[in-house]
Amino acid sequence: MNKPLRRVAIFCGLLMLALLVRNNWIQYAQADKLRTDEKNRRVAIERYATPRGDIIVDGEPITGHKATGGDFAYKRTYKNGAMWAPVTGYVSQAFGANQLESIEDGILTGNDDRLFFRNTLDMLTGKKKQGGNVVTTLSGAAQKAAYNGLKKQGGKGSVVALEPSTGKILALASYPSYDPSTIAGNSLETDAKAWEKLQKKNNPDDPMLNRALREVYPPGSTFKVVTAAAALEHGMVEDADQKTDTPLPYIMKGTTTELKNDGDLPCKDASLREALRVSCNTVFGKLGTDLGNDKMLETAKKFGFGEEHFTPVRTSSSLFDKDMEPSQVALSSIGQFNTAATPLQMAMVAAAVANNGTLMKPYMVDELQTPGLDTIEKTDPEKFSEPLSPENAQILQSMMETVVNDGTGGNAKIDGVTVGGKTGTAQHGENNSKNPYAWFISYAKTDDGSAPVAVAVVIEDENAVRGDISGGGLAAPIAKSVMEAVLKSKE
Amino acid sequence: MSSTTNPSTQHTSTIGAIGAPSRRNTELALLVFAVVIPVFAYANVGLALDDQVPAGLLSYGLGLGLMAGLGHLAVRKFAPYADPLLLPLATLLNGLGLVAIWRLDQSERLQQSRTFVEAAPRQLMYSAIGVALFVAVLFFLKDHRVLQRYTYISMAGALVLLLLPLVPGLGHNVFGARIWIKIPGLGTLQPGEFAKIVLAVFFAGYLMVKRDALALASRRFMGLYLPRGRDLGPIIVVWIISILILVFETDLGTSLLFFGMFVIMLYVATERTSWIVFGLLMSAAGAVGVASFEPHIQTRVQAWLNPEREFDLSRAGVQDGIVHSEQAMQALWAFGSGGTLGSGWGQGHSDLIGFAANSDFILATFGEELGLAGVMALLLLYALIVERGVRTALAARDPFGKLLAIGLSGAFALQVFVVAGGVMGLIPLTGMTMPFLAYGGSSVIANWALIGILLRISDTARRPAPAPASNPDAEMTQVVRP
């Protein structure tokens with residue numbers, strides 16, 4: 001009977017071997033995958049086990065933490081959360097994280113590999129693990145001006161301010177907003193209910209939408225700056241004051257439809273400067289058609305249209321279409337048809353013009369720090385493209401300055417500072433049935449010729465009287481206060 | 001003890017155990033480790049959870065030490081030549097299991113459960129009863145061959161034990177498996193654990209008598225020895241019983257265990273490979289057949305094939321008539337999160353498994369807190385128990401002892417495989433407990449009895465001169481001393 005006994009022994013050995021192999025498979029080969037699985041609650045437990053690092057603006061944290069009960073030790077708190085929500089995003093024990101809180105989660109929780117050495121040291125010396133900090137490029141004063149401006153206005157809207165020479169994002173406001181503190185915990189009573197109320201299906205205002213980065217609007221007349229840049233760059237126009245060959249009324253090529261101006265404007269054969277000052281649809285529509293789809297698209301792409309940007313928070317992609325009919329190109333060239341831009345995109349347009357034609361990549365994380373405030377990584381400003389030559393940029397600047405000094409953008413005038421801008425009133429809805437969007441893009445220049453700030457403001461106010469909505473009326477004052485805030489903080 | 005050392009004069013076994021030293025002191029030394037390691041583990045849990053040595057450390061250490069000491073004294077007195085490894089291995093596993101159960105008792109998450117009870121004190125009591133039964137087995141069972149007399153009584157007993165959970169009012173259905181019985185005032189009992197041993201006794205007695213008929217009367221067909229129709233009877237009966245267990249108690253594990261044990265013993269008794277082929281075919285057919293209409297089994301298979309989906313369904317609260325459980329996925333996450341070295345005692349989150357975290361799923365706690373290294377060590381401890389059992393079977397001089405020893409150790413190996421394989425996602429999950437580690441009175445008591453029987457067989461096998469007087473069946477041939 002011993003021969004079968006030995007075989008049974010081998011069989012039992014194989015059973016044990018199978019268990020050992022499987023054990024190695026799940027605890028070694030698959031371990032990392034299982035350990036970091038988002039559904040594995042340990043990931044969340046770990047995330048909230050230590051006080052989370054802070055997000056910092058102007059050297060001051062705009063976030064904090066609070067000890068909670070249950071298996072999550074700490075929860076996130078926000079200072080002035082609604083104002084900063086488009087920057088921070090949220091991190092919630094119940095609902096995960098998004099935007100900056102999600103992208104820099106490793107640094108903030110202290111789990112990032114770049115903190116490994118430090119964590120090991122801390123473990124050996126018996127110190128508790130801490131999260132690192134994320135230092136942003138934002139300006140508290142500019143953000144406050146932007147958010148309060150939107151809040152006072154009362155309608156939905158968004159403001160983005162950039163530093164043209166570097167691409168630093170100075171303000172990133174969206175209204176209506178939400179306070180991420182209210183959903184940071186995992187209480188069914190408070191946090192879950194607050195979350196439900198914020199969802200788009202329960203709240204038509206969609207407060208959790210980051211309008212500055214994730215919403216696209218028809219840019220309307222502000223897009224004429226891009227069309228002007230294309231005309232200058234492609235040699236269609238060489239001088240701002242040279243008369244263009246534009247009939248009035250202008251019938252769009254290939255159609256019998258007249259492209260109308262907004263009112264009785266002196267647009268016949270108007271120069272580029274004059275056309276921008278009074279915002280002639282005819283001049284820019286014809287310029288776009290004459291340039292053609294490809295050249296317009298080429299310039300739009302150089303300004304950043306047609307792709308997502310990572311600030312590092314992802315933006316939506318702005319659109320200038322291809323393969324359009326000439327009439328559609330005409331409409332697109334004045335920011336209508338299906339042209340669509342994020343507020344950040346239009347701020348980039350203003351910034352590129354202000355920075356003498358060089359567009360810098362927009363970014364909002366200046367530095368990642370260890371808990372001990374040592375720098376782990378610093379973002380260097382990076383050139384995105386050169387949509388304009390310096391000469392053409394200066395021509396465009398002088399035109400935009402005329403808009404503010406003598407044109408539709410008068411509300412953005414600041415004493416003692418050169419301001420250039422462009423208003424926009426974009427129609428939307430079928431047959432323009434809905435209230436148009438009010439746009440304003442601008443930049444401010446100091447005496448030494450540098451431009452410390454470029455702004456884009458968009459207001460979607462469904463309650464306002466239709467006639468009142470014009471970029472100059474609603475949006476320009478907000479842009480002005482944001483520019484003033486930045487200029488003041490520079491002094 | 002050394003006085004009995006007798007140079008081997010006759011080899012009746014392939015293992016030269018005769019005249020071997022008793023190894024009782026080795027056992028004692030190993031027992032010291034088997035007690036000290038869990039005591040350190042216990043202290044470790046307390047330090048990790050509350051930053052202090054737990055208050056119960058002394059009584060826990062003394063309790064475990066006392067049990068080990070009593071067991072050792074009983075072996076020294078009643079089975080001096082028994083295998084020296086089995087008792088320390090069982091003690092170590094039992095001790096570590098107690099620590100893990102106590103550790104899970106401290107979990108706030110489990111304490112919030114409606115059905116929470118402090119399991120560790122109960123398990124300590126069960127362990128004490130188990131060791132007492134172990135001592136009783138060694139004391140009353142002077143020779144394992146006595147059990148031969150109870151072959152058919154065992155059969156009846158095993159059937160009764162298996163059927164008890166089906167008796168209305170007595171049976172107790174827990175999450176779809178009817179394998180418990182409720183004894184008013186005493187709690188629940190899993191008769192299947194005891195049936196395992198009783199059935200092994202029956203199989204061993206039956207096969208010892210019938211093995212020649214089963215082995216020799218067969219026809220050769222395509223290289224296989226096909227048994228005669230009438231000899232197929234017993235295997236078919238056992239197969240039917242297994243299927244019935246599967247259908248009425250929906251207990252895949254026990255069903256597999258009994259059938260597997262029988263096939264192993266049949267193979268050892270007859271040395272016919274054809275039985276294995278038959279066994280595999282029949283168990284495959286049975287399992288597939290039952291799974292095709294039994295929703296409980298289907299769920300288990302679903303959870304095995306796609307644990308993540310089951311988790312999502314369970315979380316979403318999908319009500320489609322099937323109980324969706326997130327446990328399989330939670331167990332995998334526990335293992336994965338433990339990684340190579342584990343999080344350390346008391347620092348894991350295996351309590352996320354929830355229900356049965358300290359019984360069926362206890363291996364996941366070890367996986368998370370002691371890591372790959374710890375689980376491999378545990379599996380090797382189990383492998384060692386099986387190896388000592390098989391060695392005992394090899395060394396045993398009588399066919400009944402051989403069959404009983406291989407039946408018990410084979411069943412033990414199968415149980416470890418089915419449970420550990422289920423928890424680790426190697427095979428579908430079945431409702432069985434990890435011997436000695438898991439919380440459960442029936443399991444720990446029955447397994448101590450199993451170790452007792454193995455020790456008795458190994459004592460008989462390793463005893464220097466076969467003492468004829470010790471075989472009550474052989475009294476007529478007793479040599480009359482001059």
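Q: Is Cys267(A) buried or exposed?
A: Cys267(A) counts as buried, because its relative accessibility is 0% and the limit for buried is under 20%. This value, like the others here, is computed from a predicted model.

Q: Which residue does Cys267(A) form a disulfide with?
A: The partner is Cys280(A), and the two sulfur atoms lie 2.0 Å apart. Cys280(A) is buried as well, with a relative accessible area of 0%.

Q: What is the handedness of that link between Cys267(A) and Cys280(A)?
A: The link is left-handed, with -85° about the S-S bond.

Q: Where do the two cysteines, Cys267(A) and Cys280(A), lie in the chain?
A: Cys267(A) is in the loop between strand E11 (258–259) and helix H12 (272–278) of chain A, while Cys280(A) is in the loop between H12 and helix H13 (281–291) of chain A. The pair therefore ties together parts that are 13 residues apart in sequence.

Q: And how many disulfides are there over all chains?
A: The count comes to one over all chains.

Q: Changing topic: what is the strand order in the open sheet of chain A?
A: The five strands follow the order E9-E8-E18-E17-E16, with antiparallel pairing. Strand E9 (168–175) and strand E16 (418–428) of chain A each have a single partner strand, so one side of each is left without a neighbour in the sheet. On average, neighbouring strands of this sheet are turned by 10° against each other, direction ignored.

Q: How many bridges join E17 to E18 in chain A?
A: Strand E17 (residues 434–445) and strand E18 (residues 453–460) of chain A are joined by seven bridges and run antiparallel. Ala444(A), for instance, stands opposite Val453(A) in E18(A).

Q: Which helix lies across E16 and E17 of chain A?
A: Helix H17 (residues 390–406) of chain A does, and it runs at about 75° to E16(A).

Q: Which way does E7(A) run against E1, parallel or antiparallel?
A: Strand E1 (residues 55–57) of chain A runs parallel to E7(A), with two bridges between them. In that pairing, Ile56(A) has Val135(A) as its bridge partner. E7(A) also pairs with strand E13 (residues 365–369) of chain A, in the antiparallel sense and over four bridges. There, Val134(A) stands opposite Leu368(A).

Q: What does UniProt list for residues 52–134 of chain A?
A: The unreviewed UniProt entry lists "domain: Penicillin binding protein A dimerisation" for residues 52–134 of chain A. In the model, that span is 34% helix and 25% strand, and its end C-alpha atoms lie 11 Å apart.

Q: Moving to chain B, how many helices and strands does it have?
A: Chain B has 16 helices and five strands. Buried residues make up 55% of its 482 residues.

Q: Which residues have the most contacts inside the largest nonpolar core?
A: They are Leu404(B), Met434(B) and Leu437(B), in a core of 143 residues. Helix H15 (residues 399–423) of chain B gives the most to this core, with 16 residues. Apart from this core lies another, of 117 residues, including Ile169(A) and Val419(A).

Q: And what does Leu404(B) touch?
A: Not counting residues up to four places away in sequence, Leu404(B) touches Leu147(B), Ala200(B), Val201(B), Ala204(B), Met265(B), Ile453(B) and Ile457(B).

Technical notes
Residues numbered from 1 in each chain as written. Chains lettered and ligands numbered in written order. Predicted model: local features only at pLDDT ≥ 70, side-chain atom pairs only at ≥ 80, totals over all residues. Heavy atoms only, no water. UniProt positions renumbered as here; feature names shortened; annotations may be inferred. Core = buried A, V, L, I, M, F, W, Y, C linked by side-chain atoms within 4.5 Å. Buried < 20%, exposed > 50% of the residue type's maximum accessible area, 1.4 Å probe, protein only. Contact = heavy atoms within 4.5 Å. Pairing = 2+ DSSP bridges. Axes fitted to C-alpha atoms, helices over the stretch in contact; angles between N-to-C directions. Disulfide = S-S within 2.5 Å.
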